[in-house]
Amino acid sequence: MVSASPIAGYLGELERALGYPRGRRARRAIREISDHLADASAGLQASGSPRIEAEREACKRLGDAGELAASLAASNVIVGELPLRLAVPLWAGLGLSMAAAALFVTMSVLVGAGSGIVALNAVALIVTVAAVASFWRLQFASGAIAGAGLAAAGLAALAMAAGGIGLALLAYVVGAGSGDFEYYLFVRAALVAATGFGGLGVVRRQMPRPA
Amino acid sequence: MKHGAHPGHLDMMLLALLSERPGHGYALIRRLGSASAGAFELPEGTIYPALQCLEADGLVASRWEVVAGRRRRVYSLTGAGSAELRRRRGAWQDYWRAVDGVLGAA
């Protein structure tokens, strides 16, 4: 498919070359380069170049997108040069912890709010929040591993968001009585749903643009 | 004559440009071209990894600012960057004098 805009095509190529998930610095670099291309193109158009020609020339001056991505990666700042042997267990741990958290939530809905379950859920939530925070910070070079982790994290986050909404509904249903139980469920539902939606938001931001 | 730019030299030139005033990436490329009379022929994208490295080393700082109605990542020199620029200028001048001495003697 031929992109109508050379700049959009260039940015898409750069993003794919950078891989995903992308960290904060990588997203910032893409934003800066997008601004750069817009400025350069505007300058060329002001000099009389047609838009498409100006965009093409701006991209050409910036240099090859693959080489730029490699330079950003080689700067050891954007991608973080996380070794594969470290990336695999980190992704596996992240996926497992999020899946475990989702499982704990589901189980607690099924079996009730015993004190043991409460403690487990508290731990699961802490682990999940930490995992999402890590997910936010970690930057990976391998597209295949990152893609699998992204899919796992997305599913886990979706399960948590749905679980949170389910908990809220359960709390509403059992709310005819009074006491700590309903209050606890509401708080937990809010935490779980917020964590799940937060995770979904993170996953969404990391998704690659279609070619 | 057009030249490439050695990565270390590009870093030094970026620090020098930022010592004059802060600027965003595109403006720095324009200033680099203007100050060197277009002597350096380098892909404009080269500047971004260089700026990222300088920032990671604490020599420059950056923040989003609105410039001419648009949001821009503006870079400025830090105290450590000023000291590093002084050091690199001194080393460059020593090197230049040494080469010039050899060329003059030949």
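1. In this predicted model, helix α1(A) packs against α4(A) through A:Y10, A:E13, A:L14, A:A17 and A:L18 on the one side and A:A65, A:G66, A:L68, A:A69 and A:L72 on the other. By class, 8 of the residues in this contact are nonpolar, 1 is polar and 1 is charged. An α-helix has 3.6 residues a turn, so residues three or four places apart point the same way.

2. The geometry of this pair may be stated briefly. Helix α1 of chain A spans residues 6-18 and helix α4 of chain A spans residues 65-74; their axes come within 8 Å and cross at roughly 40°. An angle under 35 degrees would count as roughly parallel, whereas 65 to 115 would count as roughly perpendicular; α1(A) and α4(A) are therefore oblique to each other. Their crossing is right-handed.

3. Of the 211 residues in chain A, 41% are buried. When contacts in chain A between residues at least 6 apart in sequence are considered, 75% of them join residues at least 24 apart.

4. Chain B contains paired strands. Strand β2(B), residues 60-67, runs antiparallel to β3(B) and is joined to it by 8 bridges. Within this pairing, B:R72 in β3(B) stands opposite B:E65. The hairpin formed by β2(B) and β3(B) has 2 residues between the strands, and B:A68 takes a positive phi near 50° there.

5. Strand β3(B), residues 70-77, also pairs with β1(B), residues 23-24; these two strands run antiparallel and 2 bridges join them. On the β3(B) side, B:V74 is the bridge partner of B:H24.

6. Which residues of helix α2 of chain B are buried? In this helix, residues 25-35, they are B:G25, B:Y26, B:L28, B:I29, B:R31 and B:L32. Just after α2(B), B:A37 takes a positive phi of about 55°.

How values were computed
Residues are numbered from 1 along each chain as its sequence is written. Chains are lettered from A and ligands numbered from 1 in the order in which they are written. This is a predicted model: local features need pLDDT of at least 70, side-chain atom pairs count only at pLDDT 80 or more; totals for chains, interfaces and linings use all residues. Side-chain values use heavy atoms; hydrogens and water are left out. Buried means under 20% relative accessible area, exposed over 50%, partly exposed in between (1.4 Å probe, protein chains only). Helices (H or I, at least four residues) and strands (E, at least two) are DSSP runs, numbered from the N terminus. Two strands pair if DSSP finds at least two bridges between them. Axes are lines fitted to C-alpha atoms, for helices over the stretch in contact, and angles run from 0 to 180 degrees between N-to-C directions. Angles under 35 degrees count as roughly parallel, over 145 as roughly antiparallel, 65 to 115 as roughly perpendicular and the rest as oblique. A crossing is left-handed if the near helix is turned anticlockwise from the far one by less than a right angle, and right-handed if clockwise. Contact means heavy atoms within 4.5 Å. Ala, Val, Leu, Ile, Met, Phe, Trp, Tyr, Cys and Pro count as nonpolar, Asp, Glu, Lys and Arg as charged, and the others, Gly among them, as polar.
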